[in-house]
Amino acid sequence: MTTIETAEASAIPEPSPRARALHEASLVWDAHMDSLMRVLAGEDLGVRTEGQADLVRWREGGVDVQVFAVWVDTVYGRHHAARRALQQIDGFHRLLEANPDRVGLARSAADIARLRGEGKLAAVLAIEGGIAIQNDLALLRTFHRLGATSMTLTHSASLDWADSSTDAARCGGLSAFGREVIREMHRLRMLVDVSHVSDDCIRAVLDLSDAPIIASHSSCKAISNHPRNLSDAMLRTIAAAGGVVGINFYSQFLDQAYNDEMGRRSVDLLAMLNAPPPLDPDALDAYADERIRTFWSLRLPRPPFERILEHIDHAVQVAGIDHVGIGSDLDSGAVPTPVGLDSVSDYPRITEGLLRRGYAEADVAKVLGENFLRVYRAAVG
Ligand SMILES: [Zn+2]
């Protein structure tokens with residue numbers, strides 16, 4: 001490892017009064033967080049918690065719009081995925097029902113404006129992993145009725161209708177059914193999220209329509225060469241279609257040295273992750289929890305805060321200032337993040353860091369949220 005945690009602590013950009021004022025005045029949009037896993041585990045996100053986000057700290061971090069991912073682990077397979085998704089959607093609605101004075105469901109740009117005016121967090125619901133629809137458009141429509149306005153097509157494994165960037169291709173991007181899924185999403189006005197999917201899948205989605213797409217939580221391959229990150233060519237492709245890329249704060253996606261070391265250490269872990277799962281639904285839940293715990297137990301020294309700003313800078317240089325945002329991926333079982341970004345409360349440091357790099361205030365506001373709002377308005381309404 002070339003990055004040492006303690007040596008970098010001094011490089012944290014503490015927000016000036018100007019940065020705080022700009023951050024507070026700006027629409028702040030986080031395009032991806034896994035907090036619903038914590039709701040499922042029985043945590044109350046209405047109070048200050050040990051995790052990386054809760055209703056106290058979304059406010060501290062100045063977040064106006066939080067996209068909540070309904071993440072379905074590949075182990076659930078076609079016969080259990082919808083149940084897992086519905087458990088999390090239930091958790092999402094329970095969180096909102098318990099805190100009506102602080103958070104509300106947003107299904108449109110108008111909802112976001114109204115909730116922001118009321119001083120509430122706008123909660124956007126997103127399906128992460130098309131496995132959740134179990135190859136049935138009726139389930140896609142049902143998730144939409146329950147509030148979901150976007151869907152990430154795959155997670156880490158390829159489906160028989162969409163290819164993942166971290167698995168062998170199964171259908172050359174999108175199958176005929178995959179194209180039906182995209183057409184139905186467009187008809188419903190659901191936003192297509194291409195984080196996790198292969199480059200061929202991104203191109204196949206864009207061949208079907210010129211509606212803008214997002215990569216909600218993907219960083220830059222030019223800085224950390226991980227298959228989950230986007231190449232410069234893909235950054236340009238998404239931007240050319242009017243889309244937005246949300247920079248992911250997970251250390252492995254941000255830092256090449258961290259990525260290299262994880263690659264060396266995760267050989268045994270991959271064997272465990274690829275073992276066949278149990279079929280009993282109750283055993284499956286425990287198995288899935290253990291998998292994710294084991295994965296996140298692999299800890300390395302955290303990279304410096306600057307990495308986040310470097311990825312934003314790189315994406316802005318390649319894709320343009322109108323096509324970059326934030327998709328933190330926090331709360332994935334306490335995901336290791338750079339020093340100085342411990343929780344959502346630390347987001348004003350991003351604003352300070354961008355100002356120090358010479359960004360105009362209007363451009364900082366675009367990255368913080370205006371870009372995602374533009375695409376959401378165009379694709380969802
Ligand atoms: Zn993800």
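Predicted model: local features only at pLDDT ≥ 70, side-chain atom pairs only at ≥ 80, totals over all residues.
1. Cavities in general. The model holds 3 cavities of 30 Å³ or more.

2. Position of the largest cavity. A total of 17 residues line the largest cavity. Those nearest its centre are Ala-31, Val-67, Ser-150, Ile-214 and Ser-216. A reader who wishes to find the largest cavity in the model may start from these five residues.

3. Elements around the largest cavity. Which strands and which helix each supply at least two residues of this lining? The strands are S1 (29–33), S2 (65–71), S4 (121–128), S5 (148–152) and S6 (191–193), and the helix is H17 (361–379). Strand S4 provides the largest share, with 4 residues.

4. The lining of the largest cavity consists of 11 nonpolar, 4 polar and 2 charged residues. Ala-31, Val-67 and Ile-214, which are among the residues nearest the centre, belong to the nonpolar class. Ser-150 and Ser-216, also among the residues nearest the centre, count as polar.

5. The second largest cavity. By class, the lining of the second largest cavity has 6 nonpolar, 6 polar and 2 charged residues.

6. The second largest pocket. This pocket contains about 260 Å³ of space. Its lining is made up of Glu-24, Leu-55, Trp-58, Arg-59, Gly-62, Val-63, Asp-64, Arg-102, Arg-116, Gly-119, Lys-120 and Leu-121. Helix H4, residues 55–60, gives the most to this lining, with 3 residues. How many residues of each class form the lining of the second largest pocket? There are 4 nonpolar, 2 polar and 6 charged residues.

7. Helices H10 and H15. The axes of H10 (residues 232–240) and H15 (residues 306–319) come within 9 Å and cross at roughly 60°. H10 is therefore oblique to H15. The crossing of H10 past H15 is right-handed. On the side of H10, the contact involves Asp-232, Leu-235, Arg-236 and Ala-239, while H15 contributes His-314, Ala-315, Val-318 and Ala-319. The residues of this contact divide into 5 nonpolar, 1 polar and 2 charged.

8. Helices H7 and H8. For H7 (residues 137–145) and H8 (residues 176–188), the axes come within 11 Å and cross at roughly 30°. Why are H7 and H8 described as roughly parallel? Angles under 35 degrees count as roughly parallel, and the two helices therefore fall in that category. Their crossing is right-handed. H7 takes part in the contact through Leu-137, Leu-140, Arg-141 and His-144. H8 takes part through Phe-177, Glu-180, Val-181, Glu-184, Met-185, Arg-187 and Leu-188. The contact of H7 with H8 has 6 nonpolar, 1 polar and 4 charged residues.

9. Helices H16 and H17. Helix H17, already mentioned as a contributor to the lining of the largest cavity, also packs against H16 (residues 348–356). The angle of H16 and H17 is about 140°, and their axes are 10 Å apart. H16 and H17 are therefore oblique to each other. The crossing of H16 and H17 is right-handed. In this contact, Thr-351, Leu-354 and Leu-355 of H16 meet Glu-361, Val-364, Val-367 and Leu-368 of H17. By class, the residues of the contact of H16 with H17 are 5 nonpolar, 1 polar and 1 charged.

Definitions and conventions. Residues numbered from 1 in each chain as written. Heavy atoms only, no water. 1 Å grid on protein atoms, 1.4 Å probe; cavity = no way out; pocket = protein on both sides within 12 Å on 5 of 7 lines; lining within 4 Å. Points joined across faces, edges and corners; volume = space filled by probe spheres on them. Axes fitted to C-alpha atoms, helices over the stretch in contact; angles between N-to-C directions. Parallel < 35°, antiparallel > 145°, perpendicular 65-115°, else oblique. Left-handed = near helix turned anticlockwise from the far one by under 90°. Contact = heavy atoms within 4.5 Å.
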